[in-house]
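The sequence and structure are shown first, and the points follow by topic.

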Amino acid sequence: MRPPLSAELRARLSKSAGRGGPAGAPDRETLEALRAGGLLGTAVAVRFGGTGGDAAAVNDVVEEIAAVNPSLAIIVFQHFAVSARIAEWGTQEQQRRWLPRLADGTWLAASAWSETGAGAAKRNLASRGERLADGRWRLEGAKTFTTGAGVADLYLVLTQTGRPSAAVQGYGSDGQTFFLVEAGTPGLVPDLGLDLAGMRDSATGLLALDGCVVPDGDRLGPVGGAASVIAGVRESGASLGAVSVGIARAALELAVRHAEGHGLLELPTVRHRLVDLATRLEAARAVVARAGARTSADPGLTTLHSKLYASAAAEDICLDVARMLGSAGYREGSAIGRLLADARGVAFMGPTNDLCRDLVAAAWTG
């Protein structure tokens, strides 16, 4: 069953899609409405004010939002991901401190893992965390492709705190540590300078760490043990494929409306073509649902497969719909053009599709 998305919030999300600020920030009023909409606590336990939803519930919420506003769906997905990491790895004090505010939307969370030169697997970080004599940590460096930059209240920042090694075969490296850094911390400077082709309203930008000092109590997980935290992400079953399913769904609905409006549903060839698209959409939704249910022999691999398949299917569906619309979809600012650019963007989000392939193949090669 799909989660409820009020008609008012759905309309607001749809109207604001693709209409954010020139630097990529989402419409502030729409973002505030989403924060107040009661959905951001989906991944938080009831005792902290959330609804205690599992990965399947997270995927459903993300799909619903992505069907009307993919950019905000990405922001929400990252919020859920950080909430889940705090629930899994946070101390009791950290959970009491942050989870209630993340659950009710008072605070919005974002991930800051990527940086120039780190590679898709995040094994070559230039950002550094140095432990000071008083036990605090000084963070230095720059993160890039941070979704929610400038609008988030809490960032999950990945830095190198020890000597890296090749011991970890997958995502991340030994000697990396996560820190939870609140917006407004001196030395934490967001910048929405990126000019993305898709996900234009996702506030995806840069995050500078310029002598940013945080207490050891804001460290998430063990020192040097970030790779273990990362390894559990895909095991959760929450899948970026849910964003792709929402995008594909929006494209299909656009194609059906176009066919209805032009009397094309009278043609069997058009109906059959739409059915084929709908079948591919259902297949993508099914593999994402399987990931969320965590019923396979290896839920982590299924989550990777779901991202791979759904993102490819969404891009193919958007391309087919663009061809169906013809010149109607070949205009600057067209809905299908925006959806196609958004669909392509999911493939580059972590883990990127190529890294997903490497991680799946590692199950065969050891």
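Is A203 buried or exposed? A203 is buried, with a relative accessible area of 0%, where buried means under 20% relative accessible area, exposed over 50% and partly exposed in between, for a 1.4 Å probe and protein chains only. The model is predicted, so that local features need pLDDT of at least 70 and side-chain atom pairs count only at pLDDT 80 or more, while totals for chains, interfaces and linings use all residues. Residues are numbered from 1 along each chain as its sequence is written, and side-chain values use heavy atoms, with hydrogens and water left out.

**Backbone geometry**

- A203 is found in the loop between β6 (188-191) and β7 (205-214); helices (H or I, at least four residues) and strands (E, at least two) are DSSP runs, numbered from the N terminus.
- Phi of A203 is near 50°, a positive value in a residue other than glycine.
- F145, in strand β3 (residues 137-146), also has a positive phi, near 50°.
- Most residues other than glycine have a negative phi, and most peptide bonds are trans.
- The peptide bond from G350 to P351 is cis, with omega near -10°, and P351 is placed in the loop between α10 and α11 (353-365).

**Nonpolar cores**

- A nonpolar core is a set of buried Ala, Val, Leu, Ile, Met, Phe, Trp, Tyr and Cys residues joined through side-chain atoms within 4.5 Å.
- The largest nonpolar core has 61 residues, of which V62, I65, V243, I247, C318, V321 and I336 touch the most other members.
- Elements giving two or more residues to this core include α1 (7-16), α3 (55-66), α7 (241-261) and α9 (299-325); α7 gives the most, with 11 residues.
- Leaving aside neighbours within four places in sequence, C318 is in contact (heavy atoms within 4.5 Å) with I247, A251, I336, L339, L340 and A343.
- A second, separate core of 21 residues includes F48, V82, A109 and L154.

**Helix α1**

- L9, L13 and S16 are the buried residues named in α1; they lie on the same side of α1 because they cover an arc of only 75° around the axis, the arc being that of the directions from the helix axis to the C-beta atoms.
- The face turned away from the buried side of α1 carries the exposed residues A7, E8 and K15.
- Among the elements covering the buried residues of α1 are α2, α3 and α4.
- Just after α1, G18 takes a positive phi of about 75°.

**Second largest cavity**

- The structure holds two cavities of 30 Å³ or more. On a 1 Å grid over the protein atoms alone, a cavity is a set of points where a 1.4 Å probe fits but cannot get out, and lining residues have an atom within 4 Å of a point.
- The second largest cavity has a volume of about 40 Å³, a volume being the space filled by probe spheres set on the points, which are joined across faces, edges and corners.
- Its lining consists of A17, G18, N69, P70, S71, M199, R200, D201, R338 and D342.
- α4 (70-89) and α10 (335-346) each supply at least two residues of this lining.

- A284, in helix α8, is buried, with a relative accessible area of 4%.
- Apart from neighbours within four places in sequence, A284 is in contact with V245, Y309, A310 and A313.
- P299, in helix α9, is buried, with a relative accessible area of 12%.

Methods
1 Å grid on protein atoms, 1.4 Å probe; cavity = no way out; pocket = protein on both sides within 12 Å on 5 of 7 lines; lining within 4 Å.
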